[in-house]
Amino acid sequence: MGRPRAFDEDEAVRAAVGLFGGRAYDGVSVDDLVTHLGVHRNSLYKTFGSKRGLYLIALRRHLADDVRPLLDALAGESDAAAALRLITSADLGLLLLAAIERAPVDEEVASEVTAALTAVDQAIADALGVPADMATALTAAALGILLRGNPDNAVNALAQRLVPLT
C-alpha cells in the first residue's frame, strides 16, 4: 500500500496555473514546479504523468476558472465598449501564453486554445448582435491590447470608436 498523498491536488493545479501563466511552459522547469507547488518530484509524476500533463490540466483549469466566467459576463453585455473592457480586464495570461508558445507545437493545446477563442468570439457575436468576423476582430483587438499592456490607453480609444456598434 502506497503512502497517502501529502498535497492537495486542487491547490497544486491552481498554483501551476499561476506559474505557467506568469512564466510560460518553457519558462517553468520541473524543479520550479516541485518548489512552488510543494509537491515531491515522484508525486508530481505519479499524479500528473509529466510536466506536460500538469500543464494541460492547468490550462483546462484556467479555461474553466477564468475564461468561462468571462464568457458568462460577455453573454449579459450589449455594449461593445463594455465587452472590450471585460476582455481586457480578465486574467487571460495562460491562454495568451498557450496561444503563442504551445499551440504552434502541441495539437492538444492548439485545440483547447482554438475552442476557447472561438467561444469568446461567439459570446461577443451573440451579445452584441454583430457578424462573426466583427466579433473575431474585437477579440483580436482586445487580446492585442492585453499583450501590449494597454499602450496609450488603447482600451478607451478603441471603446470610443465602438460606440456605433451598439
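**Reading aromatic pairs and a helix**

Mentor: This predicted model holds 3 aromatic pairs.

Trainee: How are the rings of F20 and Y25 arranged, stacked or edge-to-face?

Mentor: One compares the planes of the two rings, and planes under 30 degrees apart count as stacked. The planes of F20 and Y25 lie at 15°, with the ring centres 6.1 Å apart, so this pair is stacked.

Trainee: Which arrangement do the rings of Y25 and Y55 show?

Mentor: Here the planes stand at 80° and the centres are 5.0 Å apart, so the pair is edge-to-face. The pair links distant parts of the chain, 30 residues apart: Y25 belongs to the loop between α1 and α2, and Y55 to helix α4. Together, F20, Y25 and Y55 form one aromatic cluster.

Trainee: Is Y25 buried or exposed?

Mentor: A residue under 20% relative accessible area is called buried. Y25 has 12% relative accessibility and therefore counts as buried; F20, at 0%, is likewise buried.

Trainee: Which charged residue sits over the ring of Y25?

Mentor: The charged end of K51 does, 4.2 Å from the ring centre. R102 also lies over the face of Y25, at 4.1 Å from the ring centre.

Trainee: Where does α4 bend?

Mentor: The helix bends by about 35° at V67, and a proline, P69, follows within four residues.

Methods:
Residues are numbered from 1 along each chain as its sequence is written. This is a predicted model: local features need pLDDT of at least 70, side-chain atom pairs count only at pLDDT 80 or more; totals for chains, interfaces and linings use all residues. Side-chain values use heavy atoms; hydrogens and water are left out. The bend at a residue is the angle between axes fitted to the seven residues ending there and the seven starting there. Helices (H or I, at least four residues) and strands (E, at least two) are DSSP runs, numbered from the N terminus. Rings of Phe, Tyr and Trp (its six-membered ring) pair if their centres lie within 6.5 Å; planes under 30 degrees apart count as stacked, over 60 as edge-to-face and the rest as tilted. Buried means under 20% relative accessible area, exposed over 50%, partly exposed in between (1.4 Å probe, protein chains only). A charge sits over a ring if NZ of Lys or CZ of Arg is within 6 Å of the ring centre and within 35 degrees of the ring normal.
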